[in-house]
Amino acid sequence: MKRRTLNLILILIILAVAIWIDLPNNPGIKIGKIDKEIRTVLGLDLRGGMQVILQVDPNFTQPFTPEDLETAKSILERRSNGLGVAEVNFQISGDRYIVGELPGASKAEDVINVIKQTGQLEFVDTGDTELEAGTTITTDLGTDTTTPAEGETPAVGQLPGTETTVYHTIMTGDQLQDVAVVTNSLGEYEVNFVLKDDGAKIFADHTTNNTNKFLTIVLDKQVISSPIIRTPITEGQGSISGGFTRETANALAVQLRYGSLPIPLVVEQIRVVGPTLGQDSLDKSLIAYLIGFIIVALFMMIYYRLPGVAAVISIATYGIITFAIFRLIPVTLTLPGIAGLMLSTGSALDANILIFERMKEELRNGRTLMQAMELGWKRAWPSIRDSNIATLITSLILFWFGSTFGASIVQGFALTLFLGVLVSLFTAIIGTRTFLGLIISAVKEPEKRLGWFGL
Amino acid sequence: MLNILGKRYLYFLLSLLVIVPGMVVMAIYGLPLAVDFKGGSLLEVQFSTETIPTVEQVVEIYNQYGFEEVSVQTAEGTTGIRNILVIRSPDLATTIDGKEVNADAMKNILVADLREVANDPNAEVNTFSNVGPSIAQQVTQRAGLAVALAALAVVIYIYFVFRGIPHSLRYGICAVLAMLHDILVVLSLTAIGGRLFGWQVDSLFLTALLTVIGFSTQDKIVVFDRIRENTSFLRKLPFEKLVNHSIVQTLQRSINTQLMTVEFMLLALALFGGVTLREFAVILLVGLFSGTYSSIFIAAPLLVVWENQEWKTWFRRTATA
């Protein structure tokens with residue numbers, strides 16, 4: 001008796017907390033240093049958006065470290081945020097992939113153009129040659145691992161045996177301190193830059209020694225503009241012009257401001273879900289869940305009578321707690337995730353059914369209701385435990401499968417299934433037993449009313 | 001008492017009748033692999049009216065940019081009109097006039113052309129996936145590994161859980177054989193569904209398959225658990241009787257859990273859950289049913305076949321038949 005009261009108090013406390021978390025306008029938890037926002041996170045398939053998997057360029061043969069991937073990831077994040085795309089999420093997957101999730105497909109197409117570029121800005125000495133904007137050139141950057149020293153003779157000319165001219169890079173975008181988009185007197189867009197002290201010195205030396213030569217500005221090996229050095233630039237400032245529109249100037253500024261990627265990335269996979277389809281899927285799957293739940297609740301109450309009522313209360317508790325956990329962690333809710341939720345609801349019901357069937361057997365053997373309930377629970381427990389652990393194991397394998405290549409869709413399913421089964425074990429152990437005990441003690445002379453218990 | 005085990009060879013035959021046709025279809029046409037596993041692109045465009053480009057028009061647009069092997073299907077939208085084009089093609093990342101064009105940019109060019117042909121500027125991209133060859137290869141390897149790992153985990157786990165009773169390894173192996181049965185049923189269904197309704201084996205399918213494996217195991221354990229429990233006090237009973245008794249005892253639970261709850265949930269999902277989840281729900285529906293069926297009619301009978309070492313009489317059986 002005492003244990004049941006304790007269990008009931010425990011359930012009520014957990015339920016109260018869970019309901020508070022489930023409240024739509026939950027303010028979040030702010031206790032001391034803990035500041036946690038509570039909200040329902042919807043996956044891309046439910047709200048629309050784009051998932052893109054970037055891979056380290058297979059043609060890039062130089063060794064790179066996991067730290068390089070980490071740096072690339074944070075640069076990608078900053079670039080996307082710089083473009084004003086909210087809630088972008090980049091994750092490293094495996095040893096050469098970065099998975100980006102961009103909700104809201106409208107700006108996604110702009111984003112991909114910016115993020116796929118390595119953003120390697122170079123100031124290249126092209127000697128007496130003026131290069132047309134858009135030309136792809138080869139520079140000695142990256143091919144030579146040693147940093148070009150100051151005042152080194154420009155390696156202009158043809159490499160023996162090849163047709164390609166390799167130009168010398170004077171310095172890279174690393175030397176930029178600040179970048180801004182401005183319009184000049186003609187109303188054209190320009191990108192102004194301020195150099196760091198080292199860069200300013202290199203720039204000053206070079207422009208002093210090479211007046212009337214061309215200093216070509218190159219982004220990702222493509223010529224942006226090829227201005228001629230008229231006078232030495234010693235104050236460490238300059239500007240890049242080259243027929244920019246507002247958008248292209250902004251995109252370049254974003255790339256320069258947030259740095260260049262340490263490793264070249266290529267787009268390996270793109271998935272786009274339109275917002276209309278997402279909303280439609282969300283509505284329909286929730287309706288399906290509701291309909292399924294009502295049918296099952298009716299079946300339980302008609303077939304098992306009072307224990308069925310206890311089961312439905314217990315399943316409702318299960319639903320409230322699971323949803324609260326999803327919001328708390330937060331677990332990204334995807335379509336397969338909702339399916340996983342439905343299946344773990346099935347698991348939770350299975351535990352109840354196993355207990356009730358055992359209980360009926362014990363009742364037929366002439367036990368009293370209370371005895372039958374205790375025994376039924378005890379006998380059913382090993383099969384509930386063992387069978388649910390098997391599901392937990394499979395969902396862990398699924399989770400691993402989903403995490404290795406960025407199929408967040410599979411991962412979401414595995415996670416909801418795993419958490420759902422864990423909660424269903426809890427509600428089966430504590431919930432159903434307590435609720436049923438309460439119901440039995442509330443009924444007068446229950447032994448005379450076995451019909452109420454489905455016999 | 002209901003004698004379930006007596007007709008065990010009939011159940012095996014019934015399962016073969018379900019599995020073999022699917023396997024034949026699979027052997028001839030292969031599994032309909034989606035872009036997730038073989039690479040390539042999938043573009044779904046929804047038009048505002050029923051006037052959508054014809055298959056020939058779509059193929060022509062794709063051919064123009066050098067994409068061969070294009071497959072086009074139409075689908076019903078949320079409003080019930082056939083205004084969706086589902087186009088499958090090779091990887092869209094390409095080069096045009098010596099310039100590299102990424103898959104996303106290529107998609108935009110194609111969609112613009114489709115809009116023009118249909119004279120429908122409001123046509124909208126519902127979904128778009130483009131999977132490069134290296135990811136597809138990795139996914140396929142992982143998928144195989146995931147299924148193998150799940151099977152191995154099940155054998156070890158059941159062996160461990162039933163270590164207290166004689167021949168516990170048998171239980172694990174019989175569970176995996178029955179699980180294999182479920183996988184084959186699902187594959188068979190998908191192969192036939194692929195021919196009839198254009199189903200595709202994608203990562204959602206794999207999710208369904210692995211779920212079937214998980215729940216199939218869960219079901220087997222419930223039946224085996226009853227055998228385990230009965231072994232301790234019904235030792236004198238012949239093994240076949242004991243297993244039969246255990247099956248009958250868990251029958252009500254199997255029917256209630258599977259047919260009345262889980263299958264109803266999945267049916268609701270298949271009927272009301274929208275197009276995206278329909279295929280997934282149907283595969284789960286059949287797979288989980290097969291999981292319950294195989295616990296009663298495959299896994300437990302196999303235990304008996306093994307215990308009686310019935311293969312010694314198989315030859316005689318066929319000879320007299």
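Two strands pair if DSSP finds at least two bridges between them. Pairing in this sense runs through the account below of a predicted model.

Strand β5 of chain A covers residues 89-93 and pairs with β6(A) in the antiparallel sense. Five bridges hold this pairing. Within the pair, I92(A) stands opposite I98(A) in β6(A). Three residues lie between the two strands of the hairpin. One residue of this hairpin, G94(A), takes a positive phi near 70°. Strand β6(A) also has a partner in β4(A). These two strands run antiparallel and are joined by seven bridges. Here M50(A) has L102(A) of β6(A) as its bridge partner. Strand β6 of chain A spans residues 97-103, and six of its seven residues are buried. The strand is thus described as mostly covered.

Five strands take part, in the order β8-β9-β7-β12-β13. The pairing in this sheet is mixed. Strands β8 (138-139) and β13 of chain A stand at the edges, each with a single partner strand, so one side of each is left without a neighbour in the sheet. T139(A) has Y167(A) in β9(A) as its bridge partner. Next in the order, β9(A) and β7(A) run antiparallel and share four bridges. D125(A) stands opposite H168(A) in β9(A). Strand β9 of chain A comprises residues 166-172, and six of these seven residues are buried, so the strand is largely enclosed by the rest of the structure.

The sheet continues from β7(A) to β12(A). Strand β7 of chain A, residues 121-125, pairs with β12(A) in the antiparallel sense over five bridges. Strand β12 (residues 215-219) then pairs with strand β13 (residues 222-225), both of chain A, over three bridges. This pairing is antiparallel too. V218(A) stands opposite V223(A) in β13(A). The two strands form a hairpin with two residues between them. In its turn, D220(A) has a positive phi of about 50°.

At the level of domains, chain A is assigned three. Domain 1 takes in 2-41 + 276-453, domain 2 takes in 49-116, and domain 3 takes in 121-260. The centres of domain 1 and domain 3 of chain A, taken over C-alpha atoms, are separated by 63 Å. Chain B is assigned two domains. Domain 1 of chain B consists of 5-35 + 135-320, and domain 2 of chain B consists of 40-131. Their C-alpha centres lie 40 Å apart. The contact between them takes four residues from domain 1 of chain B and six residues from domain 2 of chain B. On the domain 1 side, the residues divide into three nonpolar, one polar and no charged.

Helix α1 of chain B was examined in detail. The helix has 22 residues, 8-29, and at 1.5 Å a residue it should span 32 Å. Its end C-alpha atoms are 32 Å apart, which agrees. The helix α1(B) bends by about 25° at I19(B). A proline, P21(B), follows within four residues of that position. The buried residues of α1(B) are S15(B), G22(B) and V25(B). They pack against α6 (168-197) and α9 (275-308) of chain B. Just after α1(B), G30(B) takes a positive phi of about 75°.

The two chains meet at an interface. There, 58 residues of chain A are in contact with 57 residues of chain B. Several elements of chain A each supply at least two residues to this side, among them β4 (49-56), α4 (108-115), β15 (265-273) and α11 (408-442). The largest share, 15 residues, comes from α10(A). By class, the side of chain A that touches chain B has 33 nonpolar, 16 polar and nine charged residues. Strand pairing also crosses between the chains. Strand β15(A) pairs with strand β6 of chain B, residues 124-131, in the antiparallel sense over five bridges. Across this pairing, Q269(A) has V131(B) in β6(B) as its bridge partner.

Key. Residues are numbered from 1 along each chain as its sequence is written. Chains are lettered from A and ligands numbered from 1 in the order in which they are written. This is a predicted model: local features need pLDDT of at least 70, side-chain atom pairs count only at pLDDT 80 or more; totals for chains, interfaces and linings use all residues. Domain bounds come from an automatic or database domain assignment. The expected span of a helix is 1.5 Å times one less than its number of residues. The bend at a residue is the angle between axes fitted to the seven residues ending there and the seven starting there. A residue is buried if 20 or more other C-beta atoms lie within 10 Å of its own, exposed if 12 or fewer, and partly exposed in between; C-beta atoms are placed from the backbone. Two residues are in contact if their C-beta atoms, placed from the backbone, lie within 7 Å. Ala, Val, Leu, Ile, Met, Phe, Trp, Tyr, Cys and Pro count as nonpolar, Asp, Glu, Lys and Arg as charged, and the others, Gly among them, as polar.
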